[in-house]
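Here is a short report on selected sites and packing features of one protein chain. The sequence and the structure come first.

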Amino acid sequence: MIESLLVANRGEIARRIIRTARRLGVRAIAVHSEADAGLPFVTEADEAVCVGPANPAQSYRNVEAVLAAAKSTGAQAIHPGYGFLSENADFARTVEASGLIWVGPGADAIAAMGDKINARNLMAAAGVPVAPGTTEPAADLDAAVAAAAEIGYPVMVKAAAGGGGMGMGVATDEAALRTEYDKVRSFAERMFGDGSVLIERYFPRVRHVEVQILGLADGRVVALGERECSVQRRNQKLVEESPSPAVSPELRERFLAAAVRAGEAVGYRNAGTVECLLDPATQEFFFLEMNTRLQVEHPVTELVYGVDLVEEQLRVAAGLAPTFDPDALAPRGHAIELRINAEDPKRFLPGPGVIRTWVEPGGEGVRVDSGYVEGNTVTPFYDSLMAKLIVSGATRAEAIERARAAVAAFELAGPKNNLPFFAELLENEEFLSGDYDTGIVSRMR
């Protein structure tokens, strides 16, 4: 097993990775910005290094500072978590060129999946269903208009280099397309340094379902079930559950087989997620993107499949066999994750501040992955995620009941937070039925 691990991230995911590392006897090293010096992940690590000021570009995304921290602490490996440098192929190559172990997929796989158009084309060639759309960037507005006319409205305008629900717009006609094309291209150039845009068919009623894959050290790719991610605001997830209430055993078999083909097509190693759109009317699904990293919502898979995905990541990176039998994977029970954000529960606008009260719920089937404790400050410099409340039960109904009790018991004061939204959602008839789609939050508002 790896002996020392530098976690190139912050908050709840850094804390969560450190927890597994320490359980395995791996020396855990944190890097942090000046703004995060007092957060739990820093104090819980065996060693911590400040890598710069609050601005992520000068700290968490500062490749030179992160590598210098790894060198000065004698780290053997780097785990990037999610966000920041996690899907940066150049960083992965630099880590390995420095003689360190990269806890993630190979740089070539990251690069191949980082470009949405290239990824679509690779998946289509591998037999993975893809939605109707362009096979190369729309070079200009006229090309986008021509592509949309061929695909048929409504269409999704997407940044080819985008991710995390950012850089997307919907056009129902040519006038809207002209507006959205310029908007998405400008955003993509500013945020990703790449203004390439693709056009895809937009499905007005759709579910967002993803499959957790793990590329093993021996070259096999296995799938650890699916997650339902359709409760979203601004194309960003708020709730995830596993198994998906929309997926039958027959559909699950097709989903998992397609995800494995996707991983095999790029020689995938380590943890990744194949995201898809599911048309509930036809039961057709289409490849959306592959996230070449650990997902925010990985805990629901862990609870349903009884694995520690971070431990499995470390084992793959070390060339070791998994702790589970790849031929005997089977889900047990149901799990739901609620993302507790520092945001207004009505409009979902960020609301940072000092945490005056923080009392986490507990009890059977309740897990909290948090990045903060009472007295910490949620700053405006980073994502608003404060914690993930994950509940599990023998059935979906039991998991929902435990989620209700846990939300009610979570004492949180100071920053604005979305606990009231979750209390509302857990009584919503559409959500309770399991027959919901990505429009559920807008219908609640």
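## Threonine 301

Threonine 301 has 0% relative accessibility, so it counts as buried. The cut-off for that class is under 20%. The model is a predicted one. Threonine 301 sits in helix α10, which spans residues 298–305.

Which residues is threonine 301 in contact with, leaving aside its neighbours within four places in sequence? They are Gln212, Leu224, Arg227, Gly306 and Leu309. Of these, Leu309 belongs to helix α11, where it is buried.

## Helix α11 and its ends

Helix α11 covers residues 309–317. It is mostly covered, with seven of its nine residues buried. The buried set is Leu309, Val310, Glu311, Glu312, Gln313, Leu314 and Val316.

The N-terminal end of α11 is capped by aspartate 308. A side-chain oxygen of aspartate 308 lies 3.0 Å from the backbone nitrogen of valine 310. Just after the helix, glycine 319 adopts a positive phi of about 80°.

## Arginine 16

Arginine 16 lies in helix α1, residues 11–23. Is arginine 16 buried or exposed? Its relative accessibility is 2%, so arginine 16 counts as buried.

Beyond its neighbours within four places in sequence, arginine 16 is in contact with His298, Glu302, Asp308, Leu309, Val310, Arg367 and Asp369. Among these, Leu309 and Val310 are buried residues of α11.

## Nonpolar cores

In soluble globular proteins, nonpolar side chains tend to be buried together. Here the largest nonpolar core holds 75 residues. Which of its residues touch the most other members? They are Val231 and Ile340. Strand β19, residues 385–393, gives the most to this core, with six residues.

Isoleucine 340 touches Ser384, Leu385, Met386, Ala387, Leu389, Phe410, Leu412, Asn418, Leu419 and Phe422, with residues up to four places away in sequence not counted. Another core lies apart from the largest one. This other core has 28 residues, including Val221, Val260, Ala262 and Cys276.

## Packing of α4 and α5

Two packed helices are described by the angle between their axes and the distance between the axes. Helix α4 covers residues 89–97, and helix α5 covers residues 107–114. Their axes come within 8 Å and cross at roughly 175°. Angles over 145 degrees count as roughly antiparallel. The two helices α4 and α5 are therefore roughly antiparallel to each other.

From α4, the contact uses Ala89, Ala92 and Arg93. From α5, it uses Ala107, Asp108, Ile110 and Ala111. By class, this contact has five nonpolar, no polar and two charged residues.

## Glutamine 283

Glutamine 283 is placed in the loop between β12 (270–279) and β13 (284–291). At 27% relative accessibility, glutamine 283 counts as partly exposed. Its side chain reaches the backbone oxygen of proline 280 at 3.4 Å.

Leaving aside neighbours within four places in sequence, glutamine 283 is in contact with Ala246, Leu251, Arg254 and Leu278. How many residues apart in sequence are glutamine 283 and leucine 432? They are 149 residues apart in sequence, and 20 Å apart in space from C-alpha to C-alpha.

Note on methods: Residues numbered from 1 in each chain as written. Predicted model: local features only at pLDDT ≥ 70, side-chain atom pairs only at ≥ 80, totals over all residues. Heavy atoms only, no water. Buried < 20%, exposed > 50% of the residue type's maximum accessible area, 1.4 Å probe, protein only. Helix = DSSP H or I, 4+ residues; strand = E, 2+ residues; numbered from the N terminus. Polar contact = N/O pair within 3.5 Å; in protein donor to acceptor, adjacent residues only side chain to side chain. Axes fitted to C-alpha atoms, helices over the stretch in contact; angles between N-to-C directions. Parallel < 35°, antiparallel > 145°, perpendicular 65-115°, else oblique. Contact = heavy atoms within 4.5 Å. Nonpolar A, V, L, I, M, F, W, Y, C, P; charged D, E, K, R; others polar. Core = buried A, V, L, I, M, F, W, Y, C linked by side-chain atoms within 4.5 Å.
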